[in-house]
Amino acid sequence: MQASLACFPHSHGNPLLKINPQSQRLNSLPTLFSTSKFFTPQHQILPYPSSFVLKTPKSPTIGTQKHGQVRCGISSNGYSANEKKGVKEWLEACGEALSNAFPLWVTLGCVLGLVRPNYFSWVTPRLNIVGLTIIMVGMGMTLTLDELRGALSMNKEVLSGFVLQYSVMPLSGFFVSKLLNLPPHYAAGLILVACCPGGTASNLVTYLARGNVALSVIMTAASTLTAVVMTPLLTAKLAGKYVPVDGSGLLVSTLQVVLLPVLAGAFLNQYFQSLVKLVSSLIPPIAVGTVAILCGNAIAQSSSAILMSGGQVILASSLLHASGFFFGYLLARFLGLDVTTSRTISIEVGMQNSVLGIVLATQHFGNPLTVVPCAISSVCHNIFGSILAGIWRHSAPVEKKD
């Protein structure tokens, strides 16, 4: 690359230094600077946009003319280093674009699952688990072990999230079913999914919304482990049917899909940071794509029943999750929690473990239509959550300073 240098007084005057245009080699600059009588130890080279600025004091050798700053401009016929984006920068830009379009991909997956359910015939239960595990390892890579320990010590936040999880959603499910006068089988399914613990997708949405991922993971684990008691108890009280929950199965799935992958990701982030930096730009698009596929698959499994149910169940599920997101945030703020924590709790409360609801409805309710609200729920909370993530991702919370 060839370059030329010319130094002019900042405000006026003739050039103080010139490089012969026929000799534009950069290696001539050190000789020029070292031999010029104007460059004394008192002179300083200061940064100036697209140039160097040489600050010079008054000097008798320059005569009576006052010199301020001397601008030394460099022109080049090549490209600067910051004009060339590397592969990693392009991957990060693509990942950011895909993450920002999260609602679009989820909606597309759901529509395909509804009108072309055969497109998801390749998605097996084993692939579901693998996909969720990969997502949670990626979430763990954004954390450190210290952050997880810090989240465990957030007693007020975890307790608030737990109480709101098992109060706002079950009560919302009960009142929405009464408000819309749902048939008994739809009402039972809606209340059942409302009494389920927080879903794994809430951790991804919290990450995309720039919330407290460590707190989200701890709250998901807490609500899932206590679902052995809370889900059957609340379903029996509000839906009039006792639904036993497999405690050991929930424990295994929580360890397999939530805790162990997150711990593995945090361990990698703590001790293998070079590897994490290498793959970090791939985490958001992979997570978004996986969730879109899983949502489409959930709809594909019950597409015919959903098409038969009409708009009433869709409205009921939408009201249920809108209530969870809204009151989860509002009540968290009322309890004195900061904006980031309140957003995290809102996402955790508004997003349910719909897969667990589908399994329980299939096993313990005689009417197969009871599954429909659970399947629609998986779509509603992901669409609402992805929209919130898109909004909150670009609106950093402003906390008041004490």
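**Aromatic pairs and pockets**

Let me start with Phe 272, which at 42% relative accessibility counts as partly exposed, meaning that its value falls between buried, under 20% relative accessible area, and exposed, over 50%, with a 1.4 Å probe and protein chains only. Please keep in mind that this is a predicted model, in which local features need pLDDT of at least 70 and side-chain atom pairs count only at pLDDT 80 or more, while totals for chains, interfaces and linings use all residues. Residues are numbered from 1 along each chain as its sequence is written, and side-chain values use heavy atoms, with hydrogens and water left out.

Phe 267 is likewise partly exposed, at a relative accessible area of 41%. A search of the whole structure gives 6 aromatic pairs, where rings of Phe, Tyr and Trp (its six-membered ring) pair if their centres lie within 6.5 Å, and planes under 30 degrees apart count as stacked, over 60 as edge-to-face and the rest as tilted. Phe 267 and Phe 272 form one of the tilted kind, with 6.2 Å from centre to centre and 55° between the planes. The pair of Phe 326 and Phe 327 is edge-to-face, because the planes stand at 80°, with the ring centres 5.1 Å apart. Ring pairs also link Phe 267, Tyr 271 and Phe 272 into a cluster.

Turning to the protein as a whole, 46% of its 402 residues count as buried.

Now, how much space does the largest pocket hold? Its volume is about 1200 Å³, taken as the space filled by probe spheres set on grid points that are joined across faces, edges and corners. A pocket here is an open set of points on a 1 Å grid over the protein atoms alone, where a 1.4 Å probe fits, with protein on both sides within 12 Å along at least five of seven lines, and lining residues have an atom within 4 Å of a point. Of the 42 lining residues, Asn 128, Leu 132, Asn 353, Val 355 and Leu 356 are the closest to the centre of this largest pocket.

The second largest pocket holds about 260 Å³, and among its 14 lining residues Cys 110, Leu 114, Ile 299, Ile 314 and Val 379 lie nearest the centre.
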